[in-house]
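Hi everyone, thanks for coming. Please bring up the model on your screens, and we'll walk through a few spots together.

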Amino acid sequence: MKEKEPVMKRRRFAMTVWALVLCPLMQLAATQATAQVESPYGPKYKAGKEPPRIIAGPYLQSPADDSMTVMWMTDKNSTAWVEYGAKEPLDHKAVSEHDGLIDANTRVHRVRLSGLTPGTQYRYRVCSAEIVDFQPSSVTFGTTATLAPATFKTLSKQMDKVSVLVLNDVHESSETMRALLDLAKDERADLVVFNGDSLGHVESEDQIVRRLLQPVTELFAKTTPLVYVRGNHEARGKWARMLRDYVATPNGKYYYSFDAGPVHFVVLDTGEDKEDSHPYYSGLNNFAGYRDEEKQWLAREIETRAFREASFRVVFMHMPPFSARGEGSRRGAGAQTPARSQRPAGSQRPAGTQRGGTADCFEKFAPLLNKGKVDLLITAHTHRYAYLEPKPGEHDYPMVNGGGPNKGRATLIRLDADKNRIELTMTRDDGEVLEKREIRRK
Ligand SMILES: [Fe+2]
């Protein structure tokens, strides 16, 4: 026993030296071996091991004259910022914050760039610093992930023209997205609208990332904003209630409005196609109440100066409030006999309107669209292409309904507007131009 005491003392001494001297020195050496990461938060950012991986985005959302929302996702919790500028260097930085706290410990990043100059091209770069340890008085950051800068252009009311591409019912098919967007690859577009049912039933974050966010990032959304319209399928599935975390709109809702050049765009959320009491929804839907709220918003919206004074008022909604079969529809391009649910459902309801949610949309939204003197309604949902001439008293404006796979063929709707006219070009996914239409300013 006497011989072991010196050995124990030597071990304790060695452990003390390791803990107090060698270990901190090695940590310091490791820190100095990798460069300090430039950040807006000062020297507490330390280089770590692996940077977070950017798994989706950046994708542009909620475009405006003086602002743009940049969204992206990382595979690790991190804090994030956007470096941007109208020219090099990217000497502006923006973060997202709520209630005095800069967002941290998140994987879905949403940064609004504000105070921008209308009609101006910007370069931007997204950055995400991993949060390794989050203590009350000290946060340890890992390395920063970033990507090569991309560009976008702010909208402007002074724009003479605006060009918009509309896809609908792609049902998470990246092949359909690519085929339709390839039809316009040589033409400039200011916005790309996904007019509902971009996904099937929403079951997981992985589905949203792989089936929607990654394809749109690759195809266009780094440089051209995605305007998201919710479809009925995206109101289904156990992840449907989280979908709002992955998109950004001007007011945080699925119904909203914005201006782009001569056009005031209104996006409506038509909700589900069946009545709330349908067994399909297990008693968990209240779209009737939601549409009441939306109706009140729309009634205020059509009285706004932006709405009334725009050269054109164009409305997007996923489900058509009228039958998508009209006299002006092109037979053979998808127009067929209305399904059972599309047949007349009551003496007060015009022929061709539908039951359930679509009838509720008709009753609550259609009178306001007439009252507001809407110039054009763009719908989807039936997967059957149709163009409806105005039908006074029912819809005083033309309506175009995009086609879709399975029941018809997917179509690309291209809208080019200036102060005097809207040109519409509807092209089938195989490249055949179905129709060209012109809407003159009233
Ligand atoms: Fe649909």
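Let's start where Ser174, Met177, Arg178 and Leu181 in H2 meet Pro215, Leu219 and Phe220 in H3. Here, contact means that the C-beta atoms, placed from the backbone, lie within 7 Å. Helices (H or I, at least four residues) and strands (E, at least two) are DSSP runs, numbered from the N terminus. The residues of this contact divide into 5 nonpolar, 1 polar and 1 charged; Ala, Val, Leu, Ile, Met, Phe, Trp, Tyr, Cys and Pro count as nonpolar, Asp, Glu, Lys and Arg as charged, and the others, Gly among them, as polar.

A quick word on the source: this is a predicted model, where local features need pLDDT of at least 70 and side-chain atom pairs count only at pLDDT 80 or more, while totals for chains, interfaces and linings use all residues. Residues are numbered from 1 along each chain as its sequence is written.

How do the axes of H2 and H3 cross? The axes of H2 (residues 174-182) and H3 (residues 205-221) come within 10 Å and cross at roughly 10°. Axes are lines fitted to C-alpha atoms, for helices over the stretch in contact, and angles run from 0 to 180 degrees between N-to-C directions. So H2 is roughly parallel to H3, a label for angles under 35 degrees.

Now find Ser62, in the loop between strand E1 (54-61) and strand E2 (68-85). Is Ser62 buried or exposed? Ser62 counts as buried because it has 23 C-beta neighbours inside 10 Å; the cut-off for buried is 20 or more other C-beta atoms within 10 Å, with C-beta atoms placed from the backbone. Leaving aside neighbours within four places in sequence, Ser62 is in contact with Thr69, Ala248, Thr249 and Pro250.

Notes
Parallel < 35°, antiparallel > 145°, perpendicular 65-115°, else oblique. Contact = placed C-beta atoms within 7 Å. Buried ≥ 20, exposed ≤ 12 C-beta atoms within 10 Å, placed from the backbone.
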